[in-house]
Structure formats: C-alpha cells, structure tokens
Amino acid sequence: MVSAPRAAIFNPTIEISSATTIDLNSMKNEIKKMEKVELHMHFYGSIPRRVIQQHATPQQYNEICRKLDQIKEGIDYHDAFDVFKLIENVVNTPALVEEAAYELCLDLIQDNVVHAELRTGFKKLGSENFESYLEAILRGIERGTKNSSLTVGFVPSLRRETLAKDAIETLLLAEKHRERGICGIDVSGDIMKGDGVGMMEGIKLAHQFAFPITLHLGESSKEAQGKQLMEITSIQPRRIGHGAYLSDPVFGWVKKNQIPVELCFTSATKVILENGKVHPALQLLKENHPVVICTDNLLVFDTNLTDECFQVALKNNISIDQLKNLQEQAKQYSFFQ
Ligand SMILES: [Zn+2]
C-alpha cells in the first residue's frame, strides 16, 4: 500500500495578511476570466454533482458523497478508482450519458474554458453497445457546445487490461466517427492493472489511423521501470498524463522529445504523490518544458481549471501573463486542431 498522502491543499487564506488575501482573490478572478484550455479530463469523474444527485437513489448518492469525502482527505491511488464504478452505476443509460456530457459542457463554459478534450473508455450500458455510448457522449457535447465559444474534442480511452477485441472496436468506432471531433486516444485506468497486450492491438490501429496518443504514466511509485520504457517507446505518446514517477530513462525520453506533460495538481496531491514528494512537472515548468495545467476529474477532486491554474501559479510564482502564455501553448498541444 502506498501511504495515504495527507499533504495540505493550498489554502490562500492561511498565514497571509488580509491585503495579500485580497490580491489573491483578484488574481483568482483574473484567472477565471482568462480563456483556458483543458486537455486532461475524464468523463465519469467530471460529471456535475447536480446530475448525479438528481438521478441517484439516496443510498447511491450517500455512498458517492462518502467516497468523495475520503478522496478529499487524501487516499491511496488504487482505492480512488472505486468512485468511478459508483458513478457509472448511476449514469447508466445513453440518455443520462448525453445529459451528463451536456451539463459538463455548461460548467466548462462557466469557467471560461474555450477548448477541452474529454476522455472515457467505451461502455456497454445495459443491452446497448459501444457505439450507442459513443453517440450519446457526442450528442451531449454537440448540444453543450452549440452557440458557445467552447469546442470539445473527444478522446476514447483504452486501459492496460482492455481486451484486444474491445480495443480494436474502440479504434474502429473512433475512426468511423472521427469527423464528429474524435481527436486522439488515451491510455488510462489503474496503472498496475493489466499487461497491456490486448490494448496494444488498439494502439497499433491508432498508429495506423494516425490518432495521437496521450499516455497516463508515472502515476504510482510501484510502476516497473522496464515496463515504463517499453510502453513509452512502443506507444510513442504525443503527451504524458501526470508523470509524477518517471524512471530516469523515461524522464530523459520525455525531455529529449519535448513531450508535453499534463499536470493535474490537485489530483496528484490527493492520490498520487506520497508524503513529501514534489511534483516533477513543477520543475519542468520552471525549465520551460511543455506543461499543460489540467484538472483530471472536476467532480472527484472538487476542482475546476481556474483553481488548478491558481494553485500552480502560486506554487511556481507564475504571473497572469505567463499563465495566458501557458494557455496559448496548451492550444498547440491539443489533439483537436
Ligand atoms: Zn487521468
């Protein structure tokens, strides 16, 4: 077991004068007004709480709230995945998936996010198939972004335990519906689960169809170094998710190839970083290596992109103008062009 991290989430009202608090509040307002780009966001972990509350039974909702409270306190990385299953049990029809995607877009617009990539693995809801799930998400995105300045690209996810037939079907559907905003492929899930053999059948197709790939890597200190290196060299990702625990050769590969790292600060603090560990992406940011500030899961980590930018800006002493530049750069790293 990884020891549960208990690092404090930055609270700007602690140990600072009231004048500084006002400055920080105005800084946060500036960040909120800024046009922002979100490139690492999981669908089920980002569904607005109001949607879940409306459709869950009281028992289901209490269970989800209990788990979210545990995550807020900081829990083991592997235990955090339970909450996704609980949410999936509530948002379990194409109509609800569409509604959740639609409502999520409204929240992004509220936070002045102008471009986002949304990711999720395909599901078979009841007697439905992968395609009806995909179409429900796409309908939700299309409705949610209509007549707004928000664009949302969709990035289907594979897991290391995904069966070959499911990985292949995912890629065939992604290619079929590509014109509706499917812009890349994600590799995610509990990093210690699965040997990746079936998933690689999907990766081969992703390469064949020229879909760029973003790879969750370095999420656990227990990842085998050899496996990390094998994955990054065979998958050839265009971006890395998290990258908190990269082996030296992999870290070197990321730096040499200037691979953008998706920094999800709150997520790392709650479930990834062990006590005392500083996120290496903060140092990469100081060295002008490409880094994109992201949320990972809006609901699960009770955050939004404004908060994430604010926290990283305070940690690294980043100005508003520098943050604006980071958002411009993030657009360039987007798979959705
Ligand atoms: Zn993630």
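Two residues are in contact if their C-beta atoms, placed from the backbone, lie within 7 Å. This is a predicted model, where local features need pLDDT of at least 70, side-chain atom pairs count only at pLDDT 80 or more, and totals for chains, interfaces and linings use all residues. Numbering starts from 1 along each chain as its sequence is written.

**View 1. Phenylalanine 211 and its contacts.** Not counting residues up to four places away in sequence, Phe211 touches Ala174, Gly184, Ile185 and Ala206. Phe211 sits in the loop between helix H8 (197-208) and strand S5 (213-217); helices (H or I, at least four residues) and strands (E, at least two) are DSSP runs, numbered from the N terminus. Phe211 counts as buried because 22 other C-beta atoms lie within 10 Å, the cut-offs being 20 or more for buried, 12 or fewer for exposed, and partly exposed in between, with C-beta atoms placed from the backbone.

**View 2. Phenylalanine 211 and arginine 178.** Here are two residues that are 33 apart in sequence. Their C-alpha atoms are 9.7 Å apart in space.

**View 3. Isoleucine 47 up close.** Setting aside neighbours within four places in sequence, Ile47 is in contact with Ile52, Ile87, Val91, Ala100, Leu104 and Leu299.
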